Amino acid sequence: MKKVIAVVSLSLLAASAFAGKPGGHPGGHDDGKDTGPAIYLDGKTVQVTSLSWSAVSNKASSGGDARQNISSNTGNVNVGAALTQMTFGKLAYIGNKAESGGDARQNLATNVGKVDIAKQLTQVVALKGSAVMNHASSGSSAVQNISTNNGCQTCQ
């Protein structure tokens with residue numbers, strides 16, 4: 001029971017942590033090559049996703065584009081303090097599938113793109129009795145990142 005309360009508490013903390021300043025990069029980091037809307041997190045940030053007996057599915061087909069981000073940052077993100085990203089799964093299915101020229105991207109506890117972390121970074125994906133699948137067919141592209149950092153600007 002204590003673990004459940006801790007995870008719920010962390011989830012509520014994560015929900016309240018997403019406050020940022022609009023505008024350019026702080027500290028003169030703006031190089032004019034933004035990959036999307038800028039997100040600035042100036043305080044300690046915790047991103048938690050907890051799945052139990054759940055299914056999360058991501059699919060793109062016929063040239064479509066599907067993006068799935070779980071406890072992740074993508075695009076133009078600047079974090080000015082400690083960042084913790086956690087994804088927990090128990091008996092969960094997390095799927096990423098691209099067919100017929102589709103493009104599917106899936107990120108779990110991951111930073112992708114132009115992400116600047118100024119302090120400590122902790123990334124955790126803990127799964128028990130779960131499945132994480134990535135599938136591409138017929139000229140498609142399926143990208144999957146788990147507890148990693150990917151500097152690819154177009155892989156968001």
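Biologist: Which residues does Ile94 touch, not counting residues up to four places away in sequence?

Modeller: Contact means heavy atoms within 4.5 Å. By that rule, Ile94 touches Leu51, Val56, Gln68, Ile70, Gln106, Leu108, Ala131, Val132 and Met133. Bear in mind that this is a predicted model, where local features need pLDDT of at least 70, side-chain atom pairs count only at pLDDT 80 or more, and totals for chains, interfaces and linings use all residues. Residues are numbered from 1 along each chain as its sequence is written, and side-chain values use heavy atoms, with hydrogens and water left out.

Biologist: Which residues make up the largest nonpolar core?

Modeller: In soluble globular proteins, nonpolar side chains tend to be buried together. A nonpolar core is a set of buried (under 20% relative accessible area, 1.4 Å probe, protein chains only) Ala, Val, Leu, Ile, Met, Phe, Trp, Tyr and Cys residues joined through side-chain atoms within 4.5 Å. Here the largest has six residues: Leu51, Val56, Ile70, Ala92, Ile94 and Leu108. Another core, of five residues, lies apart from it and includes Ala66, Ala98, Ala104 and Ala142.

Biologist: In what order do the three strands of the open sheet come?

Modeller: Strands (E, at least two residues) are DSSP runs, numbered from the N terminus, and two of them pair if DSSP finds at least two bridges between them. The order here is E3-E7-E11, with parallel pairing. Strands E3 (55-61) and E11 (131-136) each have a single partner strand, so one side of each is left without a neighbour in the sheet.

Biologist: How many bridges join E3 to strand E7?

Modeller: Seven, with E7 covering residues 93-99. Lys59, for example, has Lys97 in E7 as its bridge partner.

Technical notes: Helices (H or I, at least four residues) and strands (E, at least two) are DSSP runs, numbered from the N terminus. Buried means under 20% relative accessible area, exposed over 50%, partly exposed in between (1.4 Å probe, protein chains only).
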